[in-house]
Amino acid sequence: MAFKMKYPIVADYLPKGTKRRPGKKLKKIVFIVAHDTGNKGSTAKDHIHYYRNSPHISAAAQLFCDDVDIRECIPALLKTPERANHVIYNVTANNKLYDATANEMAIGVELCWGKEINSKKAYNRYVWTLAYLCYKYSLDPRRDIIGHDSLDPRRKSDPTNALAYMGKTFNQLITDVLAEFKDCTASKMLPAPQVPSSKNGKTHKVIKGDTLWDLSQQYGTTVDRLKALNPEISVTSLVVGSILLIERAKGRATTSQKPHYHNVVRGDTFWGLSSKYKVSVENLRRWNPMINEKALTVDSKVLVGYTDVVTPKPANMSKQKVTSELQAFLDESPVRPYPGKTLKRGAKGKDIEAIQRAVKVSVDGVYGMATENAVKAYQKRFTFLTPTGEVDYRTWNVMF
Ligand SMILES: [Zn+2]
């Protein structure tokens, strides 16, 4: 699977061994921090020029995107990635969310904006750059791209600020990165439509442009639940004509499938895994669309197959079943990073907007009475959630 190079990336490297570019190679890329420059009208070239003239300051990002250029001033995509100090050290959210420190395990990408800079063109380059980073480092845009303002909310408002100027939200950005990823990795040969083995219940036939996120909104469910119900589908490229299970038929015993992962060790290849787990290389590719098979990362997870799990009728629902269903949610980390604290009445912001979309109330980003009641109703749908009207980690994990 190759990635479509829609734009050139210009190498405009800072001299090594300065505070801006210490020259330390990064061992592993775990996530991406989305920034904006906070500096209206200043281009990628301007910023790198400024960096070059102030080598004694440590703040830096690897990549800058504006309306004409994608510039790499510290290696990230063109060469072995190197450290840049784009998130202040006393921030702890990155360790909580990713168990990693941004400057040591994340790439920082800056969006240039305002004044003479054409918003649409700059945004498109930013989206493509983020998608290419996800491809290159086998990251999932929904989970592994975070805004600087989410990591450091007290001090930072980027990239939300520049995005708002461009008429976009952070969620829109992630949706666009996902679409770009799909577009840039789409192979010429369309794979055969995928049909779930146990489509007993409400189904949806995939049409052009469908994404799991859209379907989750359309049917009042979550991306995680759709993934759990349709383990054999490729989440990043839904195939037109595939039948997706939206909701399982009630009152009947059903089978579902439990995914099996392989932890990559040095020397693994898709071909090797295919004979080890008796699956075709084709299936490995389909099940792991985010993984670059030519550069398997040690310790990353490769989906290698499924086993059938029989779920008893709801009437016989035992405590054990509740626990295992809950466990299934908790085993998968939420696609949207948990903000680190319980969200309740009075809270504001992007996370509240996401909750409001999930529980289907009007989206204004303010956790009021209507949101609380809708969250309560949502929680009542799950035996293992307590209807508190507050979104704690467990509720969050089921929602996202
Ligand atoms: Zn920033």
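Author: Setting aside neighbours within four places in sequence, Glu180 is in contact with Val127, Trp128 and Ala131; contact here means that the C-beta atoms, placed from the backbone, lie within 7 Å. The model is a predicted one, in which local features need pLDDT of at least 70 and side-chain atom pairs count only at pLDDT 80 or more, while totals for chains, interfaces and linings use all residues. Residue numbers start from 1 along each chain, as its sequence is written.

Between Glu180 and Ala131 there are 49 residues of sequence separation, yet their C-alpha atoms are 6.3 Å apart in space. Glu180 is buried, with 22 other C-beta atoms within 10 Å. A residue is called buried at 20 or more such atoms, exposed at 12 or fewer, and partly exposed in between.

Glu180 belongs to helix 8, which covers residues 170-185. Helices (H or I, at least four residues) and strands (E, at least two) are DSSP runs numbered from the N terminus. Helix 8 packs against helix 4 at an angle of about 65°, and the two axes are 8 Å apart. Such axes are lines fitted to C-alpha atoms, for helices over the stretch in contact, with angles from 0 to 180 degrees between N-to-C directions. On the helix 4 side of this packing are Val127, Trp128, Leu130, Ala131, Cys134 and Tyr135. They meet Leu173, Asp176, Val177, Glu180, Phe181, Cys184 and Thr185 of helix 8.

Helix 4 itself runs over residues 119-136. Of its 18 residues, 13 are buried, so helix 4 is largely enclosed by the rest of the structure. Ser138, which follows helix 4, has a positive phi, near 50°.

Six strands form an open sheet of mixed pairing, in the order 1-4-3-5-2-6; two strands pair if DSSP finds at least two bridges between them. Strand 1 (10-11) and strand 6 (145-147) are the edge strands, each pairing on one side only. Helix 1 (residues 44-52) packs on the sheet and touches strand 3 (63-65), strand 4 (70-72) and strand 5 (106-111). The direction of helix 1 makes about 150° with that of strand 3.

Strand 2, residues 31-36, runs parallel to strand 6 and is joined to it by three bridges. Ile32 stands opposite Ile145 of strand 6. Strand 2 is also parallel to strand 5, with six bridges between them, and there Ala34 has Val109 as its bridge partner. Six of the six residues of strand 2 are buried, so strand 2 is largely enclosed by the rest of the structure. From strand 2, Phe31, Val33 and His35 point one way, while Ile32, Ala34 and Asp36 point the other way. In a regular strand, side chains alternate between the two faces of the sheet.

For the chain as a whole, there are 16 helices and ten strands. Buried residues are 36% of its 400 residues. Among contacts with a separation of 6 or more, 70% join residues 24 or more positions apart.

How values were computed: Two residues are in contact if their C-beta atoms, placed from the backbone, lie within 7 Å. The expected span of a helix is 1.5 Å times one less than its number of residues.
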